[in-house]
Amino acid sequence: MANDRLVTVFGGGGFLGRYVAQELLRAGVRVRIAERHPTDALRVKPLGSLGQTQLVAADVTKPESVARAVEGADVVINLVGILNGAFDAVQRVGAGNVAQAAARAGATALVHISAIGADTESASGYGRSKGEGEAAVRAAFPNATIIRPSIVFGREDQFLNRFAGLIRMAPIVPIIAGETKFQPVYVVDVARAIGTAALDAAQFGGKSFELGGPQVLSMEQINHWIAGRTGHSPAFVPLPAFASCALATATGWAPGAPITRDQWAMLQKDNVVAAGAQGLAAFGITPTPMAAVADAWLVQYRKHGRFGTRVKA
């Protein structure tokens, strides 16, 4: 029975993780959230019934802690990823640690979250480690499901919210890699796909999927879209590649830098679903447009909040 299963979710306290946990809890399974700091996942506890959710301490770079976290698990999901830092340790070695532990524990399914742009030959450390992580997962757990989303958006994201905050405050907004294309995908859609794959290894195991939303937009188009939804009109200044590269190289090492050198390298390629790739349709999911949901949280960036929009009778 589905509700007899135990699913361990590494990174289940993060942005995407909380939505994945909610999908799993709704399906009636038991969920074990594995986080370096379990207190980061406390908000997940009330989403399920009494005793349905467990919190454990685990670090994907430490095999012993990973083994403890997957003990007795029927399904394992790895959501752990970083945008800066020790890419190889987390996204290659860590991914392999999780896959090996899942196999040793006898888990019947493993879902590994990678990213569009994962490529062992990537010029970016992020993209390269994601590609090598996929290879490590396949080697240890051949029937794993690998899911590669484009940029994920949602109420608590660091994508739309980050740009909206900048657009609200700055009269002049520089745009880096303005022509690079993205296919933003709604966090709820991604979570549904992950939950479905996790609980149906017979259909989705051993396959890879690329998840994107219904619109393909350039970085510049996304910024203009956000400005329009929030009622701001800054001057957008697209930076030429040489200038944005110099900025990333000179300042990317500093905390709070607008972009790192590695992120700049990733932005030199489009982040869209590849032609012929299986996507949300394979899970029976119709992708959600940004316009259908984003106003619910972008309203906070309008000059007068909810009162800044006139409503016609």
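Is R302 buried or exposed, and what is its relative accessible area? R302 is buried, with a relative accessible area of 18%; buried means under 20% relative accessible area, exposed over 50%, and partly exposed in between, with a 1.4 Å probe and protein chains only.

The model is predicted: local features need pLDDT of at least 70, side-chain atom pairs count only at pLDDT 80 or more, and totals for chains, interfaces and linings use all residues. Residues are numbered from 1 along each chain as its sequence is written, and side-chain values use heavy atoms, with hydrogens and water left out.

## Salt bridges

Side chains of opposite charge can pair when their charged atoms come close. The structure holds 6 salt bridges, a salt bridge being a side-chain nitrogen of Lys or Arg within 4 Å of a carboxyl oxygen of Asp or Glu. Helices (H or I, at least four residues) and strands (E, at least two) are DSSP runs, numbered from the N terminus.

R229 and D295 meet through their side chains in a salt bridge of 2.8 Å, N to O. Because R229 lies in helix 8 (residues 219-230) and D295 in helix 12 (residues 295-298), this pair ties together parts that are 66 residues apart in sequence. R229 is partly exposed at a relative accessible area of 27%, and D295 is partly exposed at 26%. D295 also meets the side chain of R302 in a salt bridge, at 3.9 Å from N to O. Elsewhere, salt bridges that share partners join E134, R148 and E210 into one network.

A further salt bridge links E23 with R26, the closest N and O atoms being 3.1 Å apart. Both residues belong to helix 1 (residues 15-27), where they are 3 residues apart, about one turn of the helix. An α-helix has 3.6 residues a turn, so residues three or four places apart point the same way. R26 counts as exposed, at 57% relative accessibility.

## Helix packing

Axes are lines fitted to C-alpha atoms, for helices over the stretch in contact, and angles run from 0 to 180 degrees between N-to-C directions.

| Helix pair | Axis separation | Angle |
|---|---|---|
| Helix 3 (residues 87-105) and helix 4 (residues 125-140) | within 8 Å | roughly 15° |
| Helix 2 (residues 63-70) and helix 3 | within 9 Å | roughly 45° |
| Helix 1 and helix 6 (residues 187-198) | 8 Å | about 55° |

Angles under 35 degrees count as roughly parallel, over 145 as roughly antiparallel, 65 to 115 as roughly perpendicular and the rest as oblique. Helix 3 is therefore roughly parallel to helix 4, and the crossing of helix 3 and helix 4 is right-handed; a crossing is left-handed if the near helix is turned anticlockwise from the far one by less than a right angle, and right-handed if clockwise. Contact means heavy atoms within 4.5 Å. Among the residues making the contact are F87, Q91, A95 and A99 of helix 3 and Y126, G133, A136 and A140 of helix 4. By class, the contact of helix 3 with helix 4 divides into 8 nonpolar, 6 polar and 4 charged residues. Ala, Val, Leu, Ile, Met, Phe, Trp, Tyr, Cys and Pro count as nonpolar, Asp, Glu, Lys and Arg as charged, and the others, Gly among them, as polar.

Helix 2 and helix 3 are oblique to each other, and their crossing is right-handed. P63, V66, A67 and V70 of helix 2 meet N97, V98, A101, A102 and A105 of helix 3. This contact of helix 2 with helix 3 has 8 nonpolar, 1 polar and no charged residues.

Helix 1 and helix 6 are likewise oblique to each other, and helix 1 passes helix 6 in a right-handed crossing. The contact includes F15, Y19 and E23 of helix 1 and V187, A191 and R192 of helix 6. Its residues divide into 10 nonpolar, 1 polar and 2 charged.

The buried residues of helix 5 (residues 160-169) are L160, N161, F163, A164, G165 and I167. These pack against several elements, including strand 8, helix 8 and helix 12.

P234 lies in the loop between helix 8 and strand 13 and counts as buried at 12% relative accessibility. P234 touches I167, A170, P171, V173 and A227, not counting residues up to four places away in sequence. The C-alpha atoms of P234 and R168 are separated by 8.2 Å, although the two residues are 66 residues apart along the chain.

A177 is not a glycine, yet has a positive phi of about 55°. A177 occupies the loop between strand 8 (172-175) and strand 9 (181-182), and counts as buried at 15% relative accessibility.
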